[in-house]
Amino acid sequence: MTETGRIEPNGQQEAVLRAAAALARQEHEHEGSGHDWWHIYRVTELAKRIAAEEGADPFICELTALLHDLADEKLVDDPAAGLRRTSAWMKEHGVSAEDNAHVMDIIGTLSFKGGSGHPMSTLEGRVVQDADRLDAIGAIGIARTFVYSGKKGRPMYDPEIPVRQEMTPEEYRSGNDTAINHFHEKLLKLKDLLNTDSGRRIADSRHAFMKEFLERFEREWNGSDGM
Ligand code: ADP
Ligand code: NI
């Protein structure tokens with residue numbers, strides 16, 4: 001505990017966190033679909049902040065945020081092998097079996113269910129999931145979505161492509177999609193899926209900014225702005 005009552009990672013934990021950041025930086029270096037190192041950096045910063053506000057274990061939250069996308073299906077061919085490597089890495093770096101299992105439980109739920117299936121079973125899981133979801137909304141969320149669509153060669157918008165209400169995981173990854181539709185298919189729904197009060201507070205203004213962006217986009221699309 002510090003004078004402010006906050007629990008800080010100890011020296012050995014600090015060393016693990018530094019090594020995890022170096023690993024994440026190296027592994028995510030050339031990732032161009034929105035899971036680059038700076039996504040990991042932003043999620044980690046948010047996870048630390050939300051953990052402090054919610055009284056969650058700061059070491060588990062920071063370590064999980066740093067490692068959370070190493071086994072992502074977009075980054076590695078075999079997510080199960082990616083998960084095994086992540087766990088082995090923690091063991092090698094002296095993370096306790098209990099903490100290792102906790103981090104793996106969170107990452108497994110995050111990466112395999114797309115975060116939308118099973119609820120997170122611990123406060124630390126809820127914190128990291130909120131941090132990851134917050135990085136998909138707001139100004140950053142808008143930017144990431146257009147980068148992703150551009151990389152996939154999809155249009156930013158096409159009024160003739162309908163918003164999909166229901167879709168399989170395959171359709172979610174591959175279908176006939178536009179950047180603007182992705183806001184309606186996923187991003188505008190994230191605010192109501194957040195777990196913590198701190199996460200919801202941050203989401204409120206990010207959500208409002210996305211809605212304002214979409215309204216302006218539509219007005220400019222129709223040439224009806226500034227009237
Ligand atoms: P998760 O963080 O759950 O792994 P994804 O990997 O599906 O989410 O997406 C990461 C980011 O990539 C999203 O926040 C979004 O900005 C962008 N993205 C994903 N799918 C699409 C899509 N179909 N159209 C536009 N952007 C997308
Ligand atoms: Ni992520």
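The model is a predicted one, in which local features need pLDDT of at least 70, side-chain atom pairs count only at pLDDT 80 or more, and totals for chains, interfaces and linings use all residues. Residues are numbered from 1 along each chain as its sequence is written, chains are lettered from A and ligands numbered from 1 in the order in which they are written, and side-chain values use heavy atoms, with hydrogens and water left out.

View 1. Met210 is buried, since its relative accessible area is 0% (buried means under 20% relative accessible area, with a 1.4 Å probe and protein chains only). Leaving aside residues up to four places away in sequence, Met210 touches Ile137, Gly138, Ile142, Phe183, Leu187 and Leu188, where contact means heavy atoms within 4.5 Å. Pro162 is 48 residues from Met210 in sequence and 19 Å away in space, C-alpha to C-alpha.

**View 2. The nickel ion (ligand 2) and its protein donors.** His39 and His68, each through NE2, and Asp69 and Asp132, each through OD, lie 2.1 to 2.3 Å from the nickel ion; donors are N, O and S atoms within 2.8 Å of the metal (3.2 Å for Na, K and Ca), and water is not among the atoms, so the site may look incomplete. Along the chain the donors follow the spacing H-x28-H-D-x62-D, and both His68 and Asp69 are buried.

**View 3. The packing of helix 1 against helix 2.** Helix 1 (residues 11-28) and helix 2 (residues 37-54) pack at about 145 degrees, with axes 8 Å apart; helices are DSSP runs of H or I of at least four residues, numbered from the N terminus, and axes are lines fitted to C-alpha atoms over the stretch in contact, with angles running from 0 to 180 degrees between N-to-C directions. Ala21, Ala24, Arg25 and His28 of helix 1 meet Trp37, Trp38 and Ile40 of helix 2.

**View 4. Leu134 and the largest nonpolar core.** This core has 50 residues, and Leu134 is listed with Leu63, Leu67 and Met90 as having the most contacts inside it; a nonpolar core is a set of buried Ala, Val, Leu, Ile, Met, Phe, Trp, Tyr and Cys residues joined through side-chain atoms within 4.5 Å. Not counting residues up to four places away in sequence, Leu134 touches Leu46, Ile50, Leu194, Gly199, Ile202, Ala203 and Arg206.

How values were computed:
Helices (H or I, at least four residues) and strands (E, at least two) are DSSP runs, numbered from the N terminus.
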